[in-house]
Amino acid sequence: MPGRPSASRRTVLRGVALTPVAGLGLAACSGGGGGGAPATPTAPVVLGAESEVAKGGAELYQDQNVVVSRAVDGSLTAFSSICTHAGCAINKLDGTTLVCPCHGSEFDARTGKVLRAPATEPLNPLSVEAKNGKIVAGPEA
Ligand code: FES
């Protein structure tokens, strides 16, 4: 028997740090800090088909903690979907409004701006591009 009590939070987070694709089950609020915050991509990562994000719409990629929106002119914008209040992974996108599960902060997925407290800082912008029909996001350029 390997001495593994279950996928502990620490184990899961370490996996995320190395391979963003493994980011499952991180919606729980870490509440009050310490290490172990969910993370956004540190290297370019393919999120999905370009067609998934409609003009004027947005798509939340929870596994990668990225939200992508598309302006009416077709251009893409991406932000980290880690809440700037206490670092929870946002798991709800209502139209183009992101809703944090921890304390109810809301953000505009198109601009990253705070729509509802307690968060006061906008979401962190990420680089994003369409490549061969896929959306690829990465750390801030
Ligand atoms: S972590 Fe508090 S509202 Fe998101």
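Reader: Which strands form the open sheet whose pairing is antiparallel, and in what order?

Author: In this predicted model, four strands make up that open sheet, in the order E5-E6-E7-E8, and the pairing is antiparallel.

Reader: What makes E5 and E8 the edge strands?

Author: Strand E5 (92-94) and strand E8 (114-116) each pair on one side only. Neighbouring strands of this sheet are turned by 30° against each other on average, with direction ignored.

Reader: How do you know that E5 and E6 count as a pair?

Author: Two strands pair if there are at least two bridges between them. Three bridges join E5 to strand E6 (residues 97-99), and the two run antiparallel.

Reader: What is the order of strands in the open sheet of six?

Author: The order there is E1-E10-E9-E4-E3-E2, again with antiparallel pairing. E1 and E2 stand at the edges: each has a single partner strand, so one side of each is left without a neighbour in the sheet. From one strand to the next, the twist averages 25°.

Reader: Why is Asn65 called buried?

Author: The cut-off for buried is 20 or more other C-beta atoms within 10 Å. Asn65 has 24 C-beta neighbours inside 10 Å, so Asn65 counts as buried. Asn65 is found in the loop between E2 and E3. The hairpin of E2 and E3 has four residues between the strands, and Asn65 takes a positive phi near 60° there, although Asn65 is not a glycine.

Reader: Is Asp73 buried or exposed?

Author: Asp73 has 7 other C-beta atoms within 10 Å, so Asp73 is exposed. The place of Asp73 is in the loop between E3 and E4. The C-alpha atoms of Asp73 and Lys55 are separated by 7.4 Å, while the two residues are 18 residues apart along the chain.

Reader: Which residues have the most contacts inside the largest nonpolar core?

Author: They are Val66, Val67, Val68, Ala78 and Ala137, in a core of 28 residues. The elements that give two or more residues to this core are strand E1 (45-49), strand E2 (58-61), strand E3 (66-70), strand E4 (76-80), strand E9 (125-131) and strand E10 (134-138). In soluble globular proteins, nonpolar side chains tend to be buried together.

Reader: What is Ala137 in contact with, leaving aside its neighbours within four places in sequence?

Author: The residues in contact with Ala137 include Pro41, Val45, Leu47, Val66, Val68 and Ala78, along with Leu126, Ser127 and Val128.

Reader: Which peptide bond is cis?

Author: The bond from Ala117 to Pro118 is cis, with omega near 15°. Pro118 is found in the loop between E8 and E9.

Note on methods. Residues are numbered from 1 along each chain as its sequence is written. This is a predicted model: local features need pLDDT of at least 70, side-chain atom pairs count only at pLDDT 80 or more; totals for chains, interfaces and linings use all residues. Axes are lines fitted to C-alpha atoms, for helices over the stretch in contact, and angles run from 0 to 180 degrees between N-to-C directions. A nonpolar core is a set of buried Ala, Val, Leu, Ile, Met, Phe, Trp, Tyr and Cys residues joined through C-beta atoms within 7 Å. A residue is buried if 20 or more other C-beta atoms lie within 10 Å of its own, exposed if 12 or fewer, and partly exposed in between; C-beta atoms are placed from the backbone. Two residues are in contact if their C-beta atoms, placed from the backbone, lie within 7 Å.
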